[in-house]
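Dear colleague,

I am passing on the structure we spoke about, together with some notes on what came out of it. Please look through it below before reading on.

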Amino acid sequence: MASGCKIGLSILNSDLDNLGAECLQILDSGARTLSLIMHVMISRPEQQVKPMAVAGANGYTFHLENGMKLGLAIKPGTTVDYLAPWANQIDMALVMTVEPGFGGQKFMEDMMLRVNWLRMQFPSLDIEVDGGVGPDTIHKCAEAGANMIVSGSAIMRSDDPRSVINLLRSVCSETFS
Ligand SMILES: O=C(CO)[C@@H](O)[C@H](O)COP(=O)(O)O
């Protein structure tokens with residue numbers, strides 16, 4: 001939803017001199033916080049998300065022509081109400097089933113309520129779960145409505161990663177056939 005008027009400044013490499021800095025100061029004086037929305041016209045926009053964020057960007061615009069899909073993720077502490085308004089405009093919703101940070105954490109089963117709610121509301125949305133997903137928990141994810149899964153330690157720490165992958169894939173695809 002549009003909120004207020006926003007003025008953008010396009011700076012090309014050749015503008016990276018005093019003119020660019022001066023314009024940024026003018027824009028900054030009209031707003032409490034300068035908005036740095038980076039518009040990239042590059043072939044691998046996904047590679048620049050983190051460097052842009054580290055450099056201070058708070059928005060990222062990439063080209064439809066790049067063919068990239070758009071996903072939105074929520075951490076366990078963020079309710080699904082924050083994601084729902086965007087669900088018709090995104091390709092994929094990711095419900096984190098652990099606190100992001102590292103692998104090997106315990107699967108948060110109560111997140112399945114979110115997955116199920118999203119599946120009921122948005123039947124054609126790709127819904128992903130990530131964190132603590134393995135042979136013991138994949139059924140819960142698939143039954144709740146997740147059709148995309150991320151698994152780390154259950155695969156990587158297995159003596160037979162191939163069979164774990166096959167199991168995860170078959171449970172997920174059987175539920176969605
Ligand atoms: O990104 C994250 C956590 O930050 C996850 O992707 C985990 O790394 C998945 O690992 P397991 O929970 O499956 O071990």
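Which unit do strand 4, helix 3 and strand 5 make, and is it right-handed or left-handed? In this predicted model, the three elements form a β-α-β unit that is right-handed. Strand 4 and strand 5 pair in the parallel sense over five bridges, and within this pairing Val 95 has Val 129 of strand 5 as its bridge partner. On to strand 6 (residues 148-150), strand 5 is joined by three bridges, again in parallel, with Glu 128 standing opposite Met 148. The chain passes from strand 5 through helix 4 to strand 6, and this β-α-β crossover is likewise right-handed.

Strand 5 is largely enclosed by the rest of the structure, because four of its five residues are buried. For the protein chain, 17% of the 177 residues count as buried.

The largest nonpolar core has 21 residues, and among those with the most contacts inside it are Val 95, Val 115, Val 129 and Ala 146. Strand 4 (92-96), helix 3 (112-121), strand 5 (126-130) and helix 4 (138-144) each supply at least two residues of this core. Leaving aside residues up to four places away in sequence, Ala 146 touches Val 115, Ile 127, Glu 128, Val 129 and Cys 141.

As for the ligand, 16 residues surround it, the closest being Pro 100, Gly 103, Gly 131, Gly 152 and Ser 153. This shell divides into nine polar residues, six nonpolar and one charged.

With best wishes

Key: Residues numbered from 1 in each chain as written. Predicted model: local features only at pLDDT ≥ 70, side-chain atom pairs only at ≥ 80, totals over all residues. Near = placed C-beta within 6 Å. Nonpolar A, V, L, I, M, F, W, Y, C, P; charged D, E, K, R; others polar. Buried ≥ 20, exposed ≤ 12 C-beta atoms within 10 Å, placed from the backbone. Core = buried A, V, L, I, M, F, W, Y, C linked by C-beta atoms within 7 Å. Contact = placed C-beta atoms within 7 Å. Pairing = 2+ DSSP bridges. Right-handed = clockwise from strand over helix to strand, strands pointing away.
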